[in-house]
Amino acid sequence: MRKFEDTYRHMGLRKKLVDLLRGKGIQSEAVLDAINKIPRHFFLDSAFEELAYEDRAFPIATGQTISHPYTVAYQSQLLDVKPFQRVLEIGTGSAYQACVLAELGAQVFTIERQKPLFDENKTIAWLRKYPSIKYFYGDGFEGLPTYGPFDRVLITAAAPFIPPKLVQQLKPGGIMVIPTGEGDVQIMKRLTKNADGSVSEEVFEQFSFVPMLEGKNG
């Protein structure tokens, strides 16, 4: 069960988390402010409530995880979201990252391949606070061509390769943030789509994500 009560104590713990993230090198005040506003314990079973504001990942349904706050902040900072931009997120999971993007002012289109997670998120009334998030059940490798092109694309799972259909759905000048590599550790990359359709690549730190899988899992 989850609890949907946000107390002054929770708010204090969030402030400490934000200070920790700032100390780890997160510089975007917009990202830090978004994380400070969102009750992370709402996204976890109440058994983890006392630990929700530690910088660690936690299990959620279907063998997935809610990422470390540092990972969420790091990816969000690299993505450099501006208000009203259209962001495609691959891997909704608990929807915590989607809410961070929504707090940054994005129009979020998020895809989840695990049907139980997709169904559960539809039942959580608190998530309706963010009408700018649109939820889809589908294959992340396919993206959402009907709704593109997108200003930003964020992948929240370990991609074995850069999905070409997601590059196609990125606007010229758009940015994709993606952890790539198989095995236990991935390299975070930021791709920028050039006017001629080619892609420029920047390489950043190592992280560990659950694998990005093709198809849907009902």
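**Exercise 1.** At what angle do helix α2 (residues 29-37) and helix α4 (residues 96-103) pack, and how far apart are their axes?

*Solution.* The model is a predicted one, in which local features need pLDDT of at least 70, side-chain atom pairs count only at pLDDT 80 or more, and totals for chains, interfaces and linings use all residues. Residues are numbered from 1 along each chain as its sequence is written, and side-chain values use heavy atoms, with hydrogens and water left out.

Step 1: α2 and α4 pack at about 125°, their axes lying 9 Å apart, where axes are lines fitted to C-alpha atoms, for helices over the stretch in contact, and angles run from 0 to 180 degrees between N-to-C directions. Helices are DSSP runs of H or I with at least four residues, and strands are runs of E with at least two, numbered from the N terminus.

Step 2: α2 and α4 are therefore oblique to each other, since angles under 35 degrees count as roughly parallel, over 145 as roughly antiparallel, 65 to 115 as roughly perpendicular and the rest as oblique.

Step 3: A34, I35 and K37 of α2 meet Y96, V100 and E103 of α4, contact meaning heavy atoms within 4.5 Å.

**Exercise 2.** Determine how helix α1 (residues 8-23) is oriented relative to α2.

*Solution.* The axes of α1 and α2 come within 9 Å and cross at roughly 155°, which makes α1 roughly antiparallel to α2. On the α1 side the contact involves R14, K15, L17, V18, L21 and R22, and on the α2 side E29, L32, I35, N36 and K37.

**Exercise 3.** Locate S67 and list its contacts.

*Solution.* S67 sits in the loop between β2 (65-66) and α3 (69-79). Leaving aside residues up to four places away in sequence, S67 touches R40, R56, A57, V72 and F209.
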